[in-house]
Amino acid sequence: MIKNFIKKYLILPGYAFFRKLPANNDLIIFESNMGRNYSGNPRHIYEEMVKQGLDKKLKCVWILEDVNTEIPGNTLKIKRSRIKYYYYMARAKIWVFDTRDPPHIQKREQCYYIQTWHGTPLKKLGLDMDDVFMAGREDIETYKRNIYQDSRKWDFLLSQNEFSTEIFKSAFAFSKKFSPCKEIWTYGYPRNDILVNSNNKKYINKLKDDLGIPKNKKVLLYAPTWRDNEFHRRSIYKFATAMDFDLLKEKLSKDYIIIVKYHYLVMENIDWSDYKDFVYIFGAGQDIADLYLVSDMLITDYSSVMFDYSILNRPMFFFMYDLESYRDKLRGFYSNVVEEIPGPISKTTEELINDIKQYDPSLYKDKYNAFQDKYNKKDDGKSSERIIRRILELRNTDKVAAQKQLEKEYN
C-alpha cells in the first residue's frame, strides 16, 4: 500500500515534471533483461562505445537491479523504479533496451527508442501466437494488446537476419505499413561480435580462468529455453528439463564437464552439490556469449542460442524431449525445425549421450552451411559499429521534424 501511494502521488507526478525538462542529446540509457544483468546486445553496443572513447563524450546510464555490477568505462548505474530512474528515462535522447519496459513509462516525442531484442525466433512470439500460457497472463487478447502497445514506443528494432526481419513485421506489427517512421535494422547482433573477434585460444583460456572452467576436459554447454506453462510466478520460470544428470555424470564425466546456463527468466535454487566438478552453473548474471566461447559443444532445445552458437561452427545437439507438445500445443514454430537444424535430435538422455559420443560432423556439414547462410550473414563482428554510427546520427537529429518529413515522403 505504501509503495503504491509513493508511486502514485510522488514518483509518477515527478516523472511527469521531468518529461517537461529539455531532452539531453548526449544522454543514452541502457538496460538488458529488465535490469537483471549486464549482458546481451545493449552490453556489447555500450562496450564498443567505451572502446571508441564515447563514454567520455556522452552520458551513459545503466539500469540494473544490482548497482554493484562491475561495468567498464564511465557510466552511472541506477535501479528501476527509483526517482533517478524516472529522471533519466525522461531526459535521455536515446534508449537502448532488449526487453520491454513498464507500461507506465511513456517515451517522449523527441526521443529515440532502439529495441535490440534478444534472439532470432524459432518459436512463435508476440502477435503471431495463437494462445498464451505465460505466468500471470490472463488471455491471449490482453497479452497481444500489451505487446502491441509496447512496440508502438519503439523507433528502431534490431534484427539478426532477414528471416527475423520478416517475422518481426508481423509479430510486433512493426513496419512502414503501420508507421513510415518505424525501421528494422538488419545489422546482425552486437552480442555476437565477440564470437567473431575473440574466437582464439588466448582469449578463451583467459575466459576459462576467469570463470573457473577446467582446461583438461571438453566443455558441454546446456542452454535450454523456458517453458511458458512451468513457472513460480509472473515472469519467474522454473528450470524445466527431463535431463538425467546422474546418467550424464556416469557416462561423460571422465572426458567432459557441463555448463548449465539458466534462461534469464528462470530463477531456481537447485542443490547441484552432488555434481561438483562436473556441473557448473551460471545464472542470469553471466553473459552467455562468454559461455559460447569456452564450450566445445552446445546442447539446447528451442532456444535462439542455436542461431548465435552456429557462428562458431561447433557441434550442436538438440535435446527435445517434449518436441510434439511444445510445437503443437505450447508455442508453435516459424520454421520446420526438424528439417533445418544442423545436429542430432534426442528425446532421452541415453540418446543424447550416444549422439555426443558418436558425433560425425560430416553428416551435418551441408545443413550447417545452409543454416549459417540463412541466419548468420550479418554476424561479421561489426554489428556494434554499424549501430553506433546510427546512434551518433540520431543524437543531433530533430526527431519531430525528421518524422514529419518521412510521413510526407511516404504519403
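Trainee: In which hand does α8 pass α13 in a crossing?

Mentor: In this predicted model, the crossing in which α8 passes α13 is right-handed. The two elements are helix α8, residues 245-252, and helix α13, residues 349-357, and their axes come within 10 Å and cross at roughly 30 degrees. That makes α8 roughly parallel to α13, because angles under 35 degrees count as roughly parallel.

Trainee: Which residues in α8 and α13 meet?

Mentor: From α8 there are Leu247, Leu248, Lys251 and Leu252, and these meet Thr349, Glu350, Ile353, Ile356 and Lys357 of α13. Sorted by class, the contact of α8 with α13 consists of five nonpolar residues, three charged residues and one polar residue.

Trainee: Where is Ser81 found, and where does Ala173 lie?

Mentor: Ser81 belongs to the loop that runs between β3 (75-78) and α3 (83-91), whereas Ala173 is placed in the loop between α5 (162-171) and β7 (183-186).

Trainee: Is Ala173 buried or exposed, and what is the relative accessible area of Ser81?

Mentor: Ala173 has a relative accessible area of 4% and is therefore buried, since buried means under 20%. For Ser81 the relative accessible area is 37%, so Ser81 is partly exposed.

How values were computed. Residues are numbered from 1 along each chain as its sequence is written. This is a predicted model: local features need pLDDT of at least 70, side-chain atom pairs count only at pLDDT 80 or more; totals for chains, interfaces and linings use all residues. Side-chain values use heavy atoms; hydrogens and water are left out. Axes are lines fitted to C-alpha atoms, for helices over the stretch in contact, and angles run from 0 to 180 degrees between N-to-C directions. Helices (H or I, at least four residues) and strands (E, at least two) are DSSP runs, numbered from the N terminus. Angles under 35 degrees count as roughly parallel, over 145 as roughly antiparallel, 65 to 115 as roughly perpendicular and the rest as oblique. A crossing is left-handed if the near helix is turned anticlockwise from the far one by less than a right angle, and right-handed if clockwise. Contact means heavy atoms within 4.5 Å. Ala, Val, Leu, Ile, Met, Phe, Trp, Tyr, Cys and Pro count as nonpolar, Asp, Glu, Lys and Arg as charged, and the others, Gly among them, as polar. Buried means under 20% relative accessible area, exposed over 50%, partly exposed in between (1.4 Å probe, protein chains only).
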